[in-house]
Amino acid sequence: MAGGGGGAAAERVAAAVEAAAAASGGWEFRNAYRRQLLALSRRIRLLGPFAEELREARGGAAEGEEEERERALAPLADALEMALDLLRLGRDGSRIFLVLERDNIMKKFQGVLAQLEQALCDIPYDKLDISDEVREQVELVHAQLRRAKERADMPDDEFYNDVLSLYNKSYDPSAELDILQRLSEKLHLVTITDLTQESLALHEMVASGGGQDPGEHIEKMSMLLKKIKDYVQTQNPEMGPPIGTKLMDSNGEPRPVNIPDEFRCPISLELMKDPVIVATGQTYERVCIEKWLASGHHTCPNTQQRMTNTTLTPNYVLRSLIAQWCEANGIEPPKRSLQPNKPTLACSSSERANIDALLCQLCSPDPEEQRSAAAELRLLAKRNANNRICIAEAGAIPLLLSLLSSSDLRTQEHAVTALLNLSIHEDNKASIISSGAVPSIVHVLKNGSMEARENAAATLFSLSVIDEYKVTIGGTGAIPALVVLLSEGSQRGKKDAAAALFNLCIYQGNKGRAIRAGLVPLIMGLVTNPTGALMDEAMAILSILSSHPEGKAAIGAAEPVPVLVEMIGSGSPRNRENAAAVMLHLCFGEQQLVHLARAQECGIMVPLRELALNGTERGKRKAVHLLERMSRFLVQQQEEKEAQLLASAQAIPQIPEQVQETDIPEQLDSPSPQYPTVA
């Protein structure tokens with residue numbers, strides 16, 4: 001977004017139109033929305049002469065007029081950037097996912113068309129130096145958009161129904177081959193390369209949160225893609241197995257085989273050469289999961305759980321089983337590289353030149369040029385890992401850091417968000433930390449706009465994934481500022497603050513800082529919040545704070561036992577295990593008897609037994625330890641009760657051996673004795 005004084009919106013319009021022209025000329029839209037996507041990109045491309053005249057007219061107006069032009073063009077720039085996002089979705093998105101999300105995708109189309117049409121409707125031509133010929137062309141595009149907005153150009157119904165029937169397993173088995181053939185052709189999934197790219201795109205889109213239930217989505221769509229893949233290989237046996245996984249028979253000839261599902265990588269669906277285990281216990285092909293992590297993801301592709309670390313542990317058992325299976329089937333085992341393959345990323349000369357130009361603008365004395373360049377770097381760093389590497393290698397990090405103290409809040413916001421996006425790449429984390437960035441990021445966290453504060457929290461979360469950086473960040477005053485943001489931020493900001501606090505509090509030295517900053521009462525408020533917002537994050541933080549003496553005392557003072565017992569009985573699997581972990585910590589130490597007695601009153605034994613049978617592995621362990629502790633406590637209580645009863649019995653006066661007749665009542669009112677007895 002190379003823009004200068006007062007013409008940022010005009011430059012954004014021009015850049016978006018140029019990108020749309022590239023989409024029309026070179027982007028492939030091989031999915032159900034090809035017609036709609038091409039029509040959208042063509043309409044934007046028709047605005048090319050308008051964008052050129054806007055560029056040429058820049059800088060010639062008075063200051064007040066320039067500001068008015070800026071306000072008039074900003075909605076069009078926003079609408080064009082929304083349209084570009086939709087075009088990128090059409091180019092890079094999973095073809096299966098896009099069909100299943102037909103209603104949402106069509107809403108996006110209608111929203112983009114409506115926003116573009118409204119933006120063109122509001123253009124003040126009399127205040128812009130635009131020729132009549134160009135104005136007529138813009139009005140033509142406006143008319144086309146108005147007509148397109150009024151009609152819903154839905155994709156092929158048969159196409160949608162075919163995908164839906166396979167997804168829901170509601171098809172006639174006899175028609176399965178016909179359905180698979182139609183889908184393979186219409187989705188352009190006819191080569192192994194197509195299928196592998198679709199698998200990667202599918203995981204990318206589901207992880208970004210498009211579905212209501214990502215875990216179920218990924219499982220069903222992976223099975224759907226596997227059906228199409230098996231069909232393609234069955235129909236074209238000469239294709240052999242996926243590229244890079246050639247299975248050869250004893251004569252050295254390619255041999256089609258039915259690979260067991262457990263031997264396939266969940267991402268690529270190919271036979272694994274170098275299976276590795278991630279933090280959630282799932283196994284993936286090393287190359288695929290490394291590419292996933294390099295793209296900035298912190299979740300497990302299969303389960304959508306957040307990974308506590310990025311360690312990849314070789315799965316020697318599975319590798320051995322794959323080798324045995326290959327040997328039993330007369331197939332040459334897949335050979336893994338001696339060095340793990342990492343995605344090769346490089347900038348083209350034109351991309352590097354653009355980045356260098358933006359870095360020059362960051363050094364400009366013109367605040368608007370700085371703001372515009374920081375905004376463009378923010379967007380570039382968001383798009384892909386390639387850009388993140390190139391921008392950092394070009395020397396952007398120190399320049400962006402210098403803008404964190406800018407008095408212009410928008411510039412500050414763009415700079416911290418650019419750093420956030422750069423930090424997603426593992427190697428950039430070290431560069432950011434070594435540049436002394438943390439105090440400046442904390443400054444933004446305390447003093448920036450709300451969006452800047454929230455993105456500063458997200459940056460600290462990203463950096464705190466590395467254990468040694470937890471110490472660095474914790475010592476800079478970040479924790480109290482994160483606690484404040486957790487209290488007053490938006491839902492997204494609170495979530496980022498909670499994630500950062502969780503990461504930081506894994507280091508024992510940071511737990512005391514968080515407790516003294518007032519984190520425990522805030523977390524207890526989230527745990528008891530009837531909306532359930534941030535419940536998972538709150539329980540995870542509570543679990544790690546309860547292992548600290550100050551944390552245990554602060555939690556105990558908040559009357560937590562009824563809430564914890566309820567959570568053990570009816571929470572999510574992860575929250576049940578965290579509640580059990582907190583309860584277990586409370587049941588040791590000075591106040592243990594108080595908490596044990598309260599737990600008994602709340603009926604903890606039944607949910608504990610159920611958790612010990614059906615919980616997660618960690619949940620089962622915590623439940624068993626708690627049951628043992630509760631059992632000892634109940635035995636102790638019973639012994640104390642019996643001792644008290646015995647002491648009471650011994651204190652009762654003995655009945656004299658000789659009783660005078662006058663001491664015996666003439667009539668008893670009840671068959672029960674009037675004197676107390678001890679059973």
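Helices are DSSP runs of H or I with at least four residues, numbered from the N terminus. The exercises below concern a predicted model.

**Exercise 1.** Determine where glutamate 559 and leucine 534 lie, and whether each is buried or exposed.

*Solution.* Glutamate 559 is placed in the loop between helix H28 (549-556) and helix H29 (561-570), and its phi is near 50°, a positive value in a residue other than glycine. With a relative accessible area of 57%, glutamate 559 is exposed, because the cut-off for that class is over 50%. Leucine 534 sits in the loop between helix H26 (519-527) and helix H27 (535-545), and its phi, near 60°, is likewise positive in a residue other than glycine. Leucine 534, however, has a relative accessible area of 8% and is therefore buried, the limit being under 20%. As background, most residues other than glycine have a negative phi.

**Exercise 2.** Classify the packing of helix H18 against helix H21 from the angle between them.

*Solution.* The axes of H18 (residues 409-423) and H21 (residues 450-463) are 9 Å apart and meet at an angle of about 25°. Angles under 35 degrees count as roughly parallel, so H18 and H21 are roughly parallel to each other. The crossing of H18 past H21 is left-handed. Among the residues making the contact are Val416, Leu419 and Leu420 of H18, together with Ala452, Ala456 and Leu463 of H21; by class, the contact comprises seven nonpolar, five polar and two charged residues.

**Exercise 3.** State which pLDDT the protein averages, and where pLDDT stays under 50.

*Solution.* The average pLDDT is 80, and 83% of the residues score at least 70. Values stay under 50 over residues 209-215, which have eight contacts beyond four places in sequence, and over residues 240-247, which have 25 such contacts. Where pLDDT is low, the predicted coordinates should not be read in detail.

How values were computed
Residues are numbered from 1 along each chain as its sequence is written. This is a predicted model: local features need pLDDT of at least 70, side-chain atom pairs count only at pLDDT 80 or more; totals for chains, interfaces and linings use all residues. Side-chain values use heavy atoms; hydrogens and water are left out. Axes are lines fitted to C-alpha atoms, for helices over the stretch in contact, and angles run from 0 to 180 degrees between N-to-C directions. Helices (H or I, at least four residues) and strands (E, at least two) are DSSP runs, numbered from the N terminus. Angles under 35 degrees count as roughly parallel, over 145 as roughly antiparallel, 65 to 115 as roughly perpendicular and the rest as oblique. A crossing is left-handed if the near helix is turned anticlockwise from the far one by less than a right angle, and right-handed if clockwise. Contact means heavy atoms within 4.5 Å. Ala, Val, Leu, Ile, Met, Phe, Trp, Tyr, Cys and Pro count as nonpolar, Asp, Glu, Lys and Arg as charged, and the others, Gly among them, as polar. pLDDT is the predictor's confidence in each residue, from 0 to 100. Buried means under 20% relative accessible area, exposed over 50%, partly exposed in between (1.4 Å probe, protein chains only).
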